[in-house]
Amino acid sequence: MALRAIRGATQLQADDAEEMKEAVVELLNLIMERNALSSDDLVSAIFTSTPDLVSAFPAAAARGIGLEDVPLICARELDVAGALPRVVRVMIHADLAVPRAQVNHVYTRGAETLRLDLAQ
């Protein structure tokens, strides 16, 4: 096993707490599924959101799917002109038995444009 970082992002249509929850849960479930992870494999997760998202904490959605004992933190993305709006990003640190090149990063709901080379 090795400690690996798994990236992901999702874009919301609006700054809405319910949409934040749905989008983050969808993103996390896809990351877990595509990387064959259980919550026991997770070491920590860092969530960021663009400055235009203030309705909810992305980490709160993660707590709702059973990640109560995984250290989570939220932060704000830099406010860069021209950046994709309403985006939540995550970097999950997990114990994986695959080489770094085989980690499955997940981008959804329009955030695929951030990393076309990684999007599935």
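Trainee: Which residues is Val-103 in contact with, leaving aside its neighbours within four places in sequence?

Mentor: Val-103 is in contact with Arg-4, Ala-5, Ile-6, Asn-35, Leu-96 and Val-98, contact being defined as heavy atoms within 4.5 Å. The model is predicted, so local features need pLDDT of at least 70 and side-chain atom pairs pLDDT 80 or more, whereas totals for chains, interfaces and linings use all residues. Residues are numbered from 1 along each chain as its sequence is written, and side-chain values use heavy atoms, with hydrogens and water left out.

Trainee: Why is Val-103 called buried?

Mentor: Its relative accessible area is 7%, and buried means under 20% (exposed is over 50%, partly exposed in between, with a 1.4 Å probe and protein chains only). Val-103 therefore counts as buried. It lies in the loop between E4 and E5, and its C-alpha is separated by 18 Å from that of Glu-26, 77 residues apart along the chain.

Trainee: Why does His-93 count as buried?

Mentor: His-93 has 18% relative accessibility, so it counts as buried. This residue of strand E4 touches Leu-3, Arg-4, Ala-5, Asp-41, Leu-42, Val-43, Ser-44 and Ile-46, not counting residues up to four places away in sequence.

Trainee: What makes Met-91 partly exposed?

Mentor: Met-91, also found in strand E4, has 30% relative accessibility and therefore counts as partly exposed.

Trainee: How do you know that Met-20 is buried?

Mentor: The relative accessible area of Met-20 is 1%, so it is buried. Met-20 is placed in helix H1 and, neighbours within four places aside, is in contact with Leu-12, Leu-53, Ala-56, Pro-58 and Val-88. Leu-42 stands 22 residues from Met-20 in sequence and 21 Å away, C-alpha to C-alpha.

Trainee: What covers the buried residues of H1?

Mentor: The cover includes strands E1 (2-11), E2 (42-49), E4 (87-96) and E5 (106-108), together with helix H2 (58-63). Among the buried residues of H1 are Ala-23, Leu-27 and Ile-31. Helices (H or I, at least four residues) and strands (E, at least two) are DSSP runs numbered from the N terminus.

Trainee: How do you know that the span of H1 is close to the expected one?

Mentor: H1 (residues 17-34) has 18 residues and reaches 26 Å from first C-alpha to last.

Trainee: What is found at the start of H1, and what just after H1?

Mentor: At the start, a side-chain oxygen of Asp-16 reaches to within 3.2 Å of the backbone nitrogen of Glu-18. Just after H1, Ala-36 takes a positive phi of about 50 degrees.

Methods. Expected span 1.5 Å × (residues − 1). Polar contact = N/O pair within 3.5 Å; in protein donor to acceptor, adjacent residues only side chain to side chain.
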